[in-house]
Amino acid sequence: MIPRDLIGDEAVLAGARDGVEAERISGFYLRSRVRYLAASTASRLVHTPEGTGHDFPHEAPEFVVGVVGDLVRELPAVSP
């Protein structure tokens, strides 16, 4: 799960020299997250709810429970 934007990363962007550099940094982080997922054929991109950041488990716990539940339901049934 990744945020759609860089909410919570304001400290990183505050170190930019100007708006152009801040946009470049922001784009780098967002592209890096997507490229990381491409390393596995079993990965899936799940965006956190709008307005949430790195603390999304505390901001939207019902969202996390729903995503985990969906993943568990997709697992093949295993006999004990």
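Reply: We may begin with Arg24, which is exposed because its relative accessible area is 53%, over the 50% cut-off. Please note that the model is predicted.

Me: With which side chain does Arg24 meet in a salt bridge?

Reply: Side chains of opposite charge can pair when their charged atoms come close. Here Arg24 meets Glu21 at 3.5 Å, N to O. Both residues lie in helix H2, 3 residues apart, which is about one turn of the helix. Glu21 counts as buried, at 13% relative accessibility. Arg17 joins Glu21 and Arg24 in a network of salt bridges.

Me: Which parts does the salt bridge between Arg44 and Glu74 tie together?

Reply: The two side chains meet at 2.6 Å, N to O. Arg44 lies in the loop between H2 and helix H3 (56-59) and Glu74 in helix H4, so the pair ties together parts that are 30 residues apart in sequence. Arg44 is partly exposed at 44% relative accessibility, and Glu74 is partly exposed at 47%.

Me: How is an aromatic pair to be read, and how many does the structure hold?

Reply: A pair of aromatic rings is described by the distance of the centres and the angle of the planes. The structure holds 1 such pair. The ring centres of Phe28 and Tyr29 are 5.7 Å apart and the planes stand at 70 degrees, so the arrangement is edge-to-face. Tyr29 is partly exposed, with 34% relative accessibility.

Me: Which residues form a nonpolar patch on the surface?

Reply: Val68, Val72 and Leu75 form the patch, and together they have about 280 Å² of accessible area. Leu75 is found in the segment after helix H4 (61-74) and is exposed at 56%.

Conventions
Residues are numbered from 1 along each chain as its sequence is written. This is a predicted model: local features need pLDDT of at least 70, side-chain atom pairs count only at pLDDT 80 or more; totals for chains, interfaces and linings use all residues. Side-chain values use heavy atoms; hydrogens and water are left out. Patches are made of residues with over 30% relative accessible area and no salt bridge: like charges are joined within 9 Å, nonpolar side chains (Val, Leu, Ile, Met, Phe, Trp, Tyr) within 5 Å. Accessible areas come from the Shrake-Rupley method with a 1.4 Å probe; for residues, only the protein chains shown count as cover. A salt bridge is a side-chain nitrogen of Lys or Arg within 4 Å of a carboxyl oxygen of Asp or Glu. Helices (H or I, at least four residues) and strands (E, at least two) are DSSP runs, numbered from the N terminus. Buried means under 20% relative accessible area, exposed over 50%, partly exposed in between (1.4 Å probe, protein chains only). Rings of Phe, Tyr and Trp (its six-membered ring) pair if their centres lie within 6.5 Å; planes under 30 degrees apart count as stacked, over 60 as edge-to-face and the rest as tilted.
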